[in-house]
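Trainee: I have a chain open on my screen and would like to go through parts of it. Can you take my questions one at a time?

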Amino acid sequence: MDLREMGARAKDVSRILGKLGQTEKNAGLFAAAGELEAAASSILEANGQDVDAAVKRGMHAGLVDRLRLDGGRIKAMADGLRDVAALEDPVGEVESMKKRPNGLLIGRKRVPLGVIGIIYEARPNVTADAFGLCFKSGNAVILRGGSDAIRSNEAIVAAIRRGLLAAGLPEDAVQLVADTSRESARELMRLNGYLDVLIPRGSAGLIRTVVENSTVPVIETGTGNCHVYVDATADFQMALDIIYNAKTQRIGVCNACESLLVHQSIAEKFLPLLKERLDEKQVEIRADEASCRLVPGFVPAAEEDWGREYLDYILSLKQVGSLDEAIAHINRYGTGHSEAIVTRDYGNAQRFLEEVDAAAVYVNASTRFTDGAQFGFGAEIGISTQKLHARGPMGLRELTTIKYIIYGDGQVRP
């Protein structure tokens with residue numbers, strides 16, 4: 001289907017979705033969830049073809065992990081839609097109502113954005129998450145996934161559309177661009193008049209391309225060069241557990257730890273313990289010169305390692321002499337996503353929270369919690385690392401805007 005035709009359909013449907021009540025939207029989400037589970041075998045078959053093709057092309061292991069589905073992940077997608085149904089609907093909420101001296105009542109009301117376009121790569125779970133959040137917030141969505149996941153995405157969208165039809169709702173609330181060429185991506189970036197906003201989700205290259213070339217307003221989601229800083233007063237066992245989880249629980253995600261900073265006063269005792277723990281998952285540690293001298297088996301780091309998002313069993317490591325140095329390093333090399341400090345010093349924890357420039361900043365916890373479901377949003381459309389409109393995990397509220405509503409009784413402006 002021509003993209004402009006898809007855009008016109010989405011625009012028409014968005015006006016219907018904006019008038020739906022919470023009960024109708026929830027019915028659609030439950031029906032879509034049921035169809036996803038009913039179609040699990042066909043979705044897995046399609047996904048198996050995608051994974052086989054990706055492995056043959058030599059796709060990186062971390063990206064294959066993002067692409068791969070199993071019964072548990074399909075159930076998680078369906079449960080994610082049910083979780084979104086359970087969330088409070090922000091649409092129609094009147095945030096304030098104030099009376100002016102002339103008698104006008106001026107309020108702010110939450111309304112859908114309209115039509116949302118999403119460009120993303122080899123993460124088929126995004127297909128279901130994006131639909132669920134856009135639908136519950138009253139938006140139509142046009143999805144353009146990557147070629148690596150096209151069979152999976154087609155099977156998932158087909159199931160969702162069947163669910164919407166079964167619930168008596170417009171199936172064009174979600175549309176998938178079948179053409180995965182660069183030309184279709186460029187056309188979507190210029191679909192002014194149809195798209196109200198475009199959200200890229202994927203690699204740094206994809207996000208940069210969309211930001212630099214789109215004529216449609218963009219909400220920028222970011223890559224994750226996430227740090228953990230182990231302060232001088234850190235509890236070693238806590239620090240090891242946090243680093244192990246943040247680095248190895250799932251490597252192909254944007255909230256995984258990619259960079260580690262350790263206060264030099266504890267390095268001699270802490271770093272051998274770190275290597276022993278991360279050897280359990282055969283994590284390669286690319287370290288500064290001082291750390292390499294302390295621990296055999298560390299690999300010398302290059303300058304480019306400090307800013308890398310590896311999406312692999314690789315971690316950069318640097319010793320720092322102070323909290324100031326740690327904060328400066330993070331603010332220079334971080335991507336504004338998620339940063340953590342492990343410390344027993346309250347003052348240092350508060351300074352870290354105040355001075356680190358990121359969407360999510362943690363004290364004594366893994367960066368892996370930067371996730372819509374973990375934050376209580378049901379799911380997420382992405383992690384916004386920009387500062388306009390939305391920042392951090394983007395849930396329902398972040399997919400709405402405001403409309404001013406004004407009540408009068410005949411006032412005219414003098």
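Mentor: Start with a term: a residue is called buried when its relative accessible area is under 20%. Keep in mind as well that this is a predicted model.

Trainee: Which strands does E8 pair with, and in what sense?

Mentor: Strand E7, residues 226-230, pairs with E8 in the parallel sense over 5 bridges. E8 also pairs with strand E11, residues 314-320, in the parallel sense over 5 bridges.

Trainee: Which residue of E8 stands opposite Cys226?

Mentor: That is Cys257.

Trainee: And how does the chain get from E7 to E8?

Mentor: It passes through helix H10, residues 236-248, on the way from E7 to E8. This β-α-β crossover is right-handed.

Trainee: On the E11 side, what is the bridge partner of His263?

Mentor: His263 has Val320 in E11 as its bridge partner.

Trainee: What holds paired strands together in general?

Mentor: Strands of a sheet pair through backbone hydrogen bonds, and the pairing is either parallel or antiparallel.

Trainee: Where can I look at an antiparallel case here?

Mentor: Look at the open sheet of 3 strands in the order E1-E2-E16, where the pairing is antiparallel. Its edge strands are E1 (94-99) and E16 (400-407), and each of them pairs on one side only. Neighbouring strands of this sheet are turned by 25° against each other on average, direction ignored.

Trainee: How many bridges are there between E2 and E16?

Mentor: E2, residues 105-112, and E16 pair over 8 bridges. As one example, Arg110 has Ile402 in E16 as its bridge partner.

Trainee: What sits between E1 and E2?

Mentor: A loop, and Pro101 has its place there.

Trainee: Is Pro101 buried or exposed?

Mentor: Exposed, because its relative accessibility is 82% and the cut-off for exposed is over 50%.

Trainee: How far apart are Pro101 and Glu325?

Mentor: They are 224 residues apart in sequence, and 53 Å apart in space from C-alpha to C-alpha.

Trainee: Switching to helices. At what angle do H13 and H14 cross?

Mentor: The axes of H13 (residues 323-333) and H14 (residues 346-355) cross at roughly 25° and come within 11 Å. So H13 is roughly parallel to H14, since angles under 35 degrees count that way. The crossing of the two helices, H13 and H14, is right-handed.

Trainee: Which residues meet between H13 and H14?

Mentor: From H13 there are Leu323, Asp324, Ile327, Ile330 and Asn331. They meet Asn348, Arg351, Phe352 and Glu355 in H14.

Trainee: Last topic, backbone angles. What is phi of Gln282?

Mentor: Phi of Gln282 is near 55°, a positive value in a residue other than glycine. Gln282 lies in the loop between helix H11 (267-278) and strand E9 (284-287). It counts as exposed because its relative accessibility is 70%.

Trainee: And what about phi of Asn364?

Mentor: Asn364 has a positive phi of about 55°, although it is not a glycine. Its place is the loop between strand E13 (360-363) and strand E14 (383-384). With a relative accessible area of 29%, Asn364 is partly exposed.

Methods: Residues numbered from 1 in each chain as written. Predicted model: local features only at pLDDT ≥ 70, side-chain atom pairs only at ≥ 80, totals over all residues. Heavy atoms only, no water. Pairing = 2+ DSSP bridges. Helix = DSSP H or I, 4+ residues; strand = E, 2+ residues; numbered from the N terminus. Right-handed = clockwise from strand over helix to strand, strands pointing away. Axes fitted to C-alpha atoms, helices over the stretch in contact; angles between N-to-C directions. Parallel < 35°, antiparallel > 145°, perpendicular 65-115°, else oblique. Left-handed = near helix turned anticlockwise from the far one by under 90°. Contact = heavy atoms within 4.5 Å. Buried < 20%, exposed > 50% of the residue type's maximum accessible area, 1.4 Å probe, protein only.
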